[in-house]
Amino acid sequence: MAIKKKLAKKMVKKPIKTAVKKSAAKTKVAAKKTIKKVASKKTAAKKVIQKPENTQKTLETSLIELIKITSAVLPDDVQKVILEALHREEKNTTAEYAMNIIKANIELAKKKSQPLCQDTGTVLFYIGHPAGFDQNKFTSLIHKAVVKSTELGFLRQNSVDSLTGENSGMNVGPGHPSIHYHQHNKKTVEVKLMLKGGGCENVGAQYSLPETRLDAGRDLNGVRKVILDAVHKAQGKGCGPGVLGICIGGDRGAGYNESKEQLLRRLDDTNEILELADLEKEIVETSNKLGIGPMGFGGKTTLLGCKIGVLNRLPASFFVSISYMCWAFRRQGIELGEKNQIKKWLY
Ligand code: SF4
């Protein structure tokens, strides 16, 4: 009887132990699964956290690539007019020789991926962006990209403190690079870059009409007279042949800004305002008859293009602002993709 009782006890205990063991094993598996889930959630979270850094890194890379290409390769529209000018010049003249040197310079810089000119010039950025864009963050990334590009030799160390003349060697300081933001209706971000040489910046000019010395009144004929006066005064200085960016109107500051933005237009476009389209054409044709020629050596090519914009003005003022761009017309642009990669080149 005692033996039967013992056996019965064992039979009752055994299934309970097995059940407990099984459920413990199940709990462990479940726990492991939960840990795995938590771990994979953590990894996913890490990935999400890393994403902005990655896209920032990509943006820095895209900006450096933009700077490198802008510095070394002239856009197609500019190359085209330079080649046309070369073919226009008479054979065995100093003008043809100068144009051939310019052509060789362009080809060499492109082949070696090296700066077209030792004069980096002012680094001008123009950013078109949708609403809700963080300009401060973008500015600090531009600064980083400019410093890195300078270290890599894509930009010469070219920006100095105006009072001490000290060169930080970074190309970054108050007002440099010069960054301009415009909100647009597109969903994408566009970054345009222009490197504007010091020599050509020096021959820029601003006129206040009427200008009695030139008998230039407050009309398009007056505008025409002062533009041609600026071309004549430059006499090829500022590394001609070049392109003019003009603004009629605005205040002094806005006028100069707009005249530079006109240089962002493709050279083969046509002004939407008929009178200005005619004036642009006439300025180039008349300038090229002045005989100033490339670098002022004489010849048929003094100007490669002229782009004119217009801003409202005060009744009391009539400014004509003229920005001159040398033959080393370095401008490019990119459209950024969703991850800040270069989606499209704009010129
Ligand atoms: S003006 Fe233009 S071509 Fe002349 S040195 Fe400066 S960047 Fe070079």
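Let me start with Ser-113, which counts as exposed because 12 C-beta neighbours lie inside 10 Å. The cut-offs: buried is 20 or more other C-beta atoms within 10 Å, exposed is 12 or fewer, partly exposed is in between, with C-beta atoms placed from the backbone. This is a predicted model: local features need pLDDT of at least 70, side-chain atom pairs count only at pLDDT 80 or more, and totals for chains, interfaces and linings use all residues. Residues are numbered from 1 along each chain as its sequence is written.

Ser-113 sits in the loop between helix H3 (94-112) and strand S1 (122-129). Helices (H or I, at least four residues) and strands (E, at least two) are DSSP runs, numbered from the N terminus. Phi of Ser-113 is near 55°, a positive value in a residue other than glycine.

Asp-215 also has phi near 55°. Its loop runs between S4 and H6. Asp-215 is exposed, with 10 other C-beta atoms within 10 Å.

That loop also holds Pro-210. A cis peptide bond, omega about 5°, joins Leu-209 to Pro-210. Gly-240 to Pro-241 is cis too, omega near 5°. Pro-241 is in the loop between H6 and S5.

Now the sheet. Which order do the four strands take? The order is S4-S7-S5-S6, in an open sheet with mixed pairing. Strands pair if DSSP finds at least two bridges between them. S4 (205-208) and S6 (303-310) are the edges; each has a single partner strand, so one side of each lacks a neighbour in the sheet.

S4 and S7 (residues 319-325) pair antiparallel, over four bridges. Ser-208 has Phe-319 in S7 as its bridge partner.
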